[in-house]
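Colleague: Please take a close look at how aromatic and charged side chains pair in this model, and begin with the surface of the chain as a whole.

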Amino acid sequence: MKNTMKKPVVIPVEKLRPFAGHPFKVKDDDEMNTLIESIQTQGVLSPLIVRPIENTEEYEVVSGHRRLHAAQKAGITEVPALIYALDRDSAAIAVVDSNLHREHILPSEKAFAYKLKMEALSHQGKRTDLTLSQLATKLDTATEIGNCSGESRDTVYRYIRLTHLIPELLDLMDEGKIALMVGEALSYLGDKEQYAVLEQCEMNDCTPSYAQAVEMKKRYQDGNLTADNISEIFSREKANQRETIKISTEKLRKYAPNADAKQLEDFILKACEHYRKFLIRQRNRDER
């Protein structure tokens, strides 16, 4: 097949491969089920963007991983695609840029996406000084990435630091239980110390505060952070160790399937306020 770049062609799904190191998760959730149903009835309406894999007759997906997955689930054997002759680095940049517009992006996805784009831009000759500095003003790679996504250069660096977290702590970030600044501080710990932090999170049913995370980072950099230190730091009372009511995210998804952690919190508070007003109206009627 030639590189048309203008007109989509039909490609067998068996010849399509996910982009190697693709940072965005493809989940079998309610949104995916909706997409599968749409493809079953209407087909793939928006062509995928792919690039030829060198020395093969196969193609690497640049944009459209969710559509490809849904098509495979729907039993579709061929999909429309636009073929672009992109090198690996140009394709990596396109993969990131085509996904960052999505409404809900997990911290882990953004972390590995920024890292992927940073590496691709560096291969193209861009500056890649990963030193976090509030004073740096010269346009660099992180600034360029941030300009494309509406975030500061330092925020880009913080997300990239998250790629040093163990998977379990990254999961807690994706669940909205660990804030970005806390995750960044924890990312400077070694794997052994991070697992000790995870153990304390599970034992105490909480996550560290920013101050606690910074203290652990400093102790680790000074060479004196131990499991006992971590346990002692966690033993200090803080806001997220006080009495709480836990509701599983799975239960809430039935009422707000596409909401992220912050939106779920807002949803719960608004529901509580609505119910409070209902009880007041009911009490007023009973008193008449």
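Modeller: The protein chain exposes about 17,200 Å², of which carbon and sulfur atoms supply 51%; such areas come from the Shrake-Rupley method with a 1.4 Å probe, and for residues only the protein chains shown count as cover. This is a predicted model, in which local features need pLDDT of at least 70 and side-chain atom pairs count only at pLDDT 80 or more, while totals for chains, interfaces and linings use all residues. Residues are numbered from 1 along each chain as its sequence is written, and side-chain values use heavy atoms, with hydrogens and water left out.

Of the 288 residues in the protein chain, 38% count as buried, where buried means under 20% relative accessible area, exposed over 50% and partly exposed in between (1.4 Å probe, protein chains only). The chain holds 13 helices and five strands, taken as DSSP runs numbered from the N terminus (helices H or I, at least four residues; strands E, at least two).

Turning to the rings, a pair of them is described by the distance of the centres and the angle of the planes. Rings of Phe, Tyr and Trp (its six-membered ring) pair if their centres lie within 6.5 Å, and planes under 30 degrees apart count as stacked, over 60 as edge-to-face and the rest as tilted. The count comes to two aromatic pairs by this rule. One of them joins Tyr114 and Tyr159 edge-to-face, at 5.9 Å centre to centre and with 80° between the planes. This pair links distant parts of the chain, since Tyr114 lies in helix H4 and Tyr159 in helix H6, 45 residues apart. Tyr114 is buried at 0% relative accessibility, and Tyr159 is also buried, with a relative accessible area of 12%. Tyr275 and Phe278 form a stacked pair, with 6.0 Å between centres and 25° between planes; they are three residues apart in helix H13 (residues 261-287), so about one helical turn separates them. Tyr275 is partly exposed at 48%, as is Phe278 at 31%.

A charge sits over a ring if NZ of Lys or CZ of Arg is within 6 Å of the ring centre and within 35 degrees of the ring normal. Arg161 lies over the face of Tyr188 at 3.9 Å from the ring centre, and Lys217 lies over the face of Tyr188 at 4.1 Å.

There are 19 salt bridges, each a side-chain nitrogen of Lys or Arg within 4 Å of a carboxyl oxygen of Asp or Glu. Lys117 and Asp97 meet in one at 2.7 Å, N to O; because Lys117 is in helix H4 and Asp97 in helix H3 (residues 88-99), the pair ties together parts that are 20 residues apart in sequence. Lys117 is buried at 3%, whereas Asp97 is partly exposed at 36%. Arg158 and Glu184 form another salt bridge, at 3.2 Å, N to O, which links helix H6 to helix H8 (residues 180-186) across 26 residues. Arg158 counts as buried at 13%, and Glu184 does at 9%. Within helix H13, where Arg276 and Glu273 are three residues apart, about one turn, their closest N and O atoms are 2.7 Å apart in a salt bridge. Arg276 is partly exposed at 42%, and Glu273 is partly exposed at 32%. Finally, salt bridges that share partners join Arg51, Glu54, Glu60 and Arg88 into one network.
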